[in-house]
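Keep the 3D view open as you read.

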Amino acid sequence: MTRIKLNYFLVGLAALLLALALWPTIPWHRGEGDQLEQIKSSGELRVSTLNSPLTFFNSPNGSAGFDYELAKRFADYLGVTLVMSPYNNVHAMFNGLDSNQADMLASGLIYNAERLKNYRTGPEYYSVSQQLLYRQGSVRPKTLADVKGELLVSSGTAHVGALQAASTKFPNLHWSETDKLSPRDLLQQVAEGKLDYTLGDSVTVALMQRVYPRLAVAFNVTADEPVTWYFSKKADDDSLYAAMLDFFSQISEDGTLEKLEEKYLGHVGEFDYVDTRTFLKAIDTTLPALQPLFMKYAGDIDWRLLAAISYQESHWDPLATSPTGVRGLMMLTRATASGLDVDDRTDSEQSIQGGALYLSRLMDKMPPTISKDERIWFALAAYNMGYGHMLDARKLTADQKGDPDSWLDVKQRLPMLNQKRYFSRTTYGYARGTQAYKYVENIRRYQLSLVGYLMEKEKKQAQEAAMQAQLGAGYPAVDSSQALASAP
């Protein structure tokens with residue numbers, strides 16, 4: 001036994017001396033080798049993404065987005081800091097991954113078999129279909145054989161593979177690729193009439209239509225396909241993949257993934273072209289006068305959410321009146337207004353101040369077990385149908401083995417409050433649960449449109465300002481008095 005231990009000691013000592021001698025050249029010193037260990041050693045998870053309201057964006061409360069929140073939780077699971085880097089297009093993202101500027105890509109990327117030659121994918125976290133998009137008002141193609149104009153897609157995306165597969169059935173199909181524009185940029189160009197066609201994933205398209213209602217779906221090009229993360233393929237190294245599997249297993253079991261899907265995807269299903277265009281027009285014409293009031297009284301509520309609530313209630317008409325007698329921008333009842341010291345329900349400032357205060361009180365009444373992110377949806381359901389009926393919906397959810405603190409679980413039970421076999425067993429009886437369900441979902445869609453539309457306006461204004469600055473920098477300054485003196 002002593003000789004064996006001595007041999008191990010000598011071997012270990014020799015290995016240590018060899019490691020010191022080769023220190024500058026060994027792989028793990030250069031940041032290669034075991035992917036997971038390298039991430040933990042660096043203390044950072046470097047994630048590349050695309051800027052979009054779905055994947056990653058900057059909100060008044062900090063960074064947000066489905067992929068951002070997932071990546072942040074994964075970084076926390078690994079015990080490291082998340083470093084999120086946005087790129088302009090998919091091609092640039094993969095180039096960054098190739099040059100070791102990122103550990104993984106998280107940007108709503110569709111599973112692409114062609115990519116598996118050089119990369120690995122994580123678990124699926126939702127699915128989408130690929131769709132052909134055109135501009136509302138132009139001729140709708142029924143199949144790819146009807147595509148006659150310019151069809152452009154981003155290089156490096158699964159859209160290229162989908163078109164290549166379709167070309168066997170449609171040999172006359174022609175398209176071009178670009179590495180300058182992201183899929184979202186191309187969707188915007190189609191909506192604005194600058195491009196005839198492109199491909200997009202169904203979720204991104206549904207979100208884009210809230211801001212660009214003229215973006216229209218011709219048909220599905222593919223069936224549902226998984227959305228996944230990508231990372232570099234390294235021989236005999238399953239460390240990062242194994243960590244992803246365990247992470248996704250945990251967030252699936254504890255309901256985290258389901259709640260994130262509800263937060264970002266749960267309300268994007270229905271699309272009303274006319275209603276969306278009317279709302280966007282109101283943002284330009286009516287909102288500017290009311291925005292300072294929403295910002296002044298929003299409190300802990302995002303002012304844009306408060307504005308969306310008001311639009312759902314009154315379409316921003318201060319004189320709005322319902323058959324039941326509720327009035328004003330926030331459609332307050334006479335009794336509620338009295339309890340909020342609102343003397344004139346048709347006064348815009350009083351109505352907004354009162355409605356915001358009432359919502360704040362409802363949120364404070366919510367059970368503390370409800371997460372901070374979801375308290376507002378429970379409060380809105382109570383705002384619409386009454387606090388007691390909201391409690392009935394929570395109890396009904398618990399009785400059916402659902403989670404009464406999950407908005408996803410509770411909202412599915414709201415329509416049951418219309419049905420006698422369910423409301424007959426509740427404390428507060430019949431309620432217009434279906435109306436409350438639609439009420440909250442509509443508000444979330446209006447908020448989505450408002451946030452996205454304002455972001456796009458700010459981006460365009462910044463681009464115009466930058467262009468003006470460039471134009472101004474290209475010409476020498478001219479004294480205005482000299483210019484006037486020389487004018488004919």
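The largest nonpolar core holds 71 residues, and those that touch the most other members are Ile283, Phe294, Trp316 and Leu380. Helix H15 is the top contributor to this core, with nine residues. If you select Ile283 and ignore residues up to four places away in sequence, you will find it touching Pro288, Trp316, Leu450, Tyr453 and Leu454. In soluble globular proteins, nonpolar side chains tend to be buried together.

Please keep in mind that this is a predicted model. The protein chain contains 20 helices and 13 strands. Of its 488 residues, 49% count as buried. Among contacts in the chain with a separation of 6 or more, 68% are between residues 24 or more positions apart.

Is Phe231 buried or exposed? Phe231 counts as buried because its relative accessibility is 0%, where the cut-off for buried is under 20%. Setting aside neighbours within four places in sequence, Phe231 is in contact with Gln35, Leu97, Asp103, Met104, Tyr119, Arg120, Thr121, Gly122, Leu240, Tyr241 and Met244. Another pair to display is Phe231 and Ala106: they are 125 residues apart along the chain, with 9.2 Å between their C-alpha atoms.

Now for the open spaces. Rolling a probe the size of a water molecule over the atoms shows where empty space is left.

| Pocket | Volume |
|---|---|
| Largest pocket | about 1500 Å³ |
| Second largest pocket | about 1000 Å³ |

The largest pocket is lined by 48 residues, and those nearest its centre are Asn61, Lys263, Asp373, Trp377 and Gln447. Elements that give two or more residues to this lining include strands S2 (57-59) and S3 (62-64), along with helices H3 (66-78), H9 (256-265), H12 and H19 (433-473). By class, the lining of the largest pocket has 22 nonpolar, 11 polar and 15 charged residues.

The second largest pocket has 38 lining residues, with Arg184, Met455, Glu456, Lys459 and Lys460 closest to its centre. Here, too, several elements give two or more residues, among them S2, strand S4 (81-87), helix H6 (183-191), H12 and H19. Which element gives the most to this lining? That is H19, with 10 residues. The lining of the second largest pocket divides into 15 nonpolar, 11 polar and 12 charged residues.

Finally, turn to the annotated position. In an unreviewed entry, UniProt lists Glu313 under "active site". Glu313 is part of helix H12, residues 303-314, and H12 is among the elements that give two or more residues to the lining of the largest pocket and to that of the second largest pocket. Glu313 has a relative accessible area of 19% and is therefore buried, as the cut-off is under 20%. Not counting residues up to four places away in sequence, Glu313 touches Leu329, Met330, Met331, Tyr383 and Tyr439.

How values were computed. Residues numbered from 1 in each chain as written. Predicted model: local features only at pLDDT ≥ 70, side-chain atom pairs only at ≥ 80, totals over all residues. Heavy atoms only, no water. UniProt positions renumbered as here; feature names shortened; annotations may be inferred. Helix = DSSP H or I, 4+ residues; strand = E, 2+ residues; numbered from the N terminus. Buried < 20%, exposed > 50% of the residue type's maximum accessible area, 1.4 Å probe, protein only. Contact = heavy atoms within 4.5 Å. 1 Å grid on protein atoms, 1.4 Å probe; cavity = no way out; pocket = protein on both sides within 12 Å on 5 of 7 lines; lining within 4 Å. Points joined across faces, edges and corners; volume = space filled by probe spheres on them. Nonpolar A, V, L, I, M, F, W, Y, C, P; charged D, E, K, R; others polar. Core = buried A, V, L, I, M, F, W, Y, C linked by side-chain atoms within 4.5 Å.
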